[in-house]
Amino acid sequence: MTVPDLRTARLRLRGLEPADTEAIVRVFAGPDTSRFLAADLGDPDQCRASVERRLACTGPDGTGHWVVERDGDVIGLAHLRPSAELSGDLVEIGYFLDPAHGGQGLATEAAAALPRHAFAALGLPAVWALVHESNVASRKLVHRLGFTDVGGGEHYGGPHRVFVALPTTLGQWHHVELWVPDLARAEESFGWLLAELGWQEHQRWRDGVSWKLGAGYLVVEQSRRSPPPRTAAARRPQPTWRCTPARPNASTSSRKPRSRTAGARCSPTATRTPAALIITPRIWGTPTASNSNWSPNPRVSLDRVNQSLH
C-alpha cells in the first residue's frame, strides 16, 4: 500500500520504515506513553514487535502507518487503517506522541491530518476512533476534531469509547473549470504542484484534463476560441489604446450613437504593456427624478476584452 506524506504547519507525517524502529522505541520509553494500551510498549522488545506488525499491515492505498516528525526528529506515531476491532471494514485512526513534546498542541495537529486526508484525498464516508475510557486527554482531543461519541465497549483489552467523524460539505467546493489558451503550458506550470498536493489525474480528452481530490475536481480545458500561443515577437510590448468618451450633452444623452466609441477620443499610451483593449464605456443618459429605473449600460463586448487579454 502507498502511504503518502502529510504536512501540517509544524509537522511531517511520513510512512513508517524499518529504519524508524529504534526511534519508535524511544518514543514509547516513558512510563506514561502506553498506560492505556494492552501491551507494554515501554518494553523495547514488545515495542519492536509492535513496529514489525505495523510494517506488515496491508490495506488500501493511502492508508497505513506514519511516523510524526518535527524538524527531522521522530516524535510520534500515527495510523489510519481498517479497524481490527470494528466490523465492516471501518477505518480507524490512532496517534501517539512522545510526552516530552506534550503541551504544545502537536498531538492535535498530527491527529487532525488523518481525517483531513481520509475525507479530502480518499473520499471515505466516515473515520472512527477508539479511545480508552480513562484517557480523558485523548477524548477531549477527538471532540476538538469533530468526532462524536456513539457508544462504548470492550476493545483492545479494555473499556473504550467509540467515536465517529463524518465529512462535512458545508463550505467545500464541488469543482472548478479553468479555460486556458495553451493546455500543455498550463499542465507544465501547475500540473506538478497538483500531484505534490495529492491530486490525481481523473480524465483526459483532446482539449482538456481533469484532476480529482476527494469529492472535488479541477478541470483545465483549452479554449477553442483562443489564438495559438504567441511567438516571442508577438509578445513584444505594443501600444495600448485608451479611449475616453466625449462628455454627454443635450444632443447625445438621450440617444445612442452608432458605435460603442462614437464621439470618443483615442490615443496610444506608453508601450509598457502587451496589446490590450482598454475601454472607458459611455454612459447613456443621466439619472433624474422621472427616470428612477436608470442604470449605466456600458455595453462592453466581453469577447473582445477576453481576446485582447490572450
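Is Leu106 buried or exposed? Select Leu106 to begin: with a relative accessible area of 1%, this residue is buried, where buried means under 20% relative accessible area, exposed over 50% and partly exposed in between, computed with a 1.4 Å probe on protein chains only.

Before going further, note that this is a predicted model, in which local features need pLDDT of at least 70 and side-chain atom pairs count only at pLDDT 80 or more, while totals for chains, interfaces and linings use all residues. Residues are numbered from 1 along each chain as its sequence is written, and side-chain values use heavy atoms, with hydrogens and water left out.

**Around Leu106**

Leu106 belongs to helix H3, which covers residues 106-120; helices (H or I, at least four residues) and strands (E, at least two) are DSSP runs numbered from the N terminus. Show next the residues in contact with Leu106, leaving aside its neighbours within four places in sequence: these are Arg10, Leu11, Arg70, Ile75, Leu97 and His101, a contact being heavy atoms within 4.5 Å. For Arg10, which is 96 residues away from Leu106 along the chain, the C-alpha separation from Leu106 is 8.0 Å.

Because Arg10 sits in the loop between strand S1 (6-7) and strand S2 (12-15) and Glu109 in helix H3, the pair ties together parts that are 99 residues apart in sequence. Arg10 is partly exposed at 33% relative accessibility, whereas Glu109, at 14%, counts as buried.

The structure holds 13 salt bridges. For another of them, select Glu133 and Arg139, where the closest N and O atoms are 3.8 Å apart; Glu133 is partly exposed at 28%, and Arg139 is partly exposed at 26%. Finally, select Asp5, Arg12, Arg14, Asp20 and Glu69 together, which are linked in a network of salt bridges.

Select residues 148-155 and 158-165, which are strands S7 and S8, paired in the antiparallel sense over seven bridges; strands pair if DSSP finds at least two bridges between them. Gly152 stands opposite Arg161 in S8. The two strands form a hairpin with two residues between them, and Tyr156 in the turn has a positive phi of about 55°.

**The whole chain**

Zoom out to the protein chain, which has six helices and 15 strands and in which buried residues make up 34% of the 310 residues. Among contacts with a separation of 6 or more, 60% join residues 24 or more positions apart.

Colour the model last by pLDDT, the predictor's confidence in each residue from 0 to 100: the chain averages 78, and 70% of the residues score at least 70. The value stays under 50 over residues 250-254, for which the model has five contacts beyond four places in sequence, and also over residues 269-310, for which the model has 68 such contacts. Where pLDDT is low, the predicted coordinates should not be read in detail.

Note on methods:
A salt bridge is a side-chain nitrogen of Lys or Arg within 4 Å of a carboxyl oxygen of Asp or Glu.
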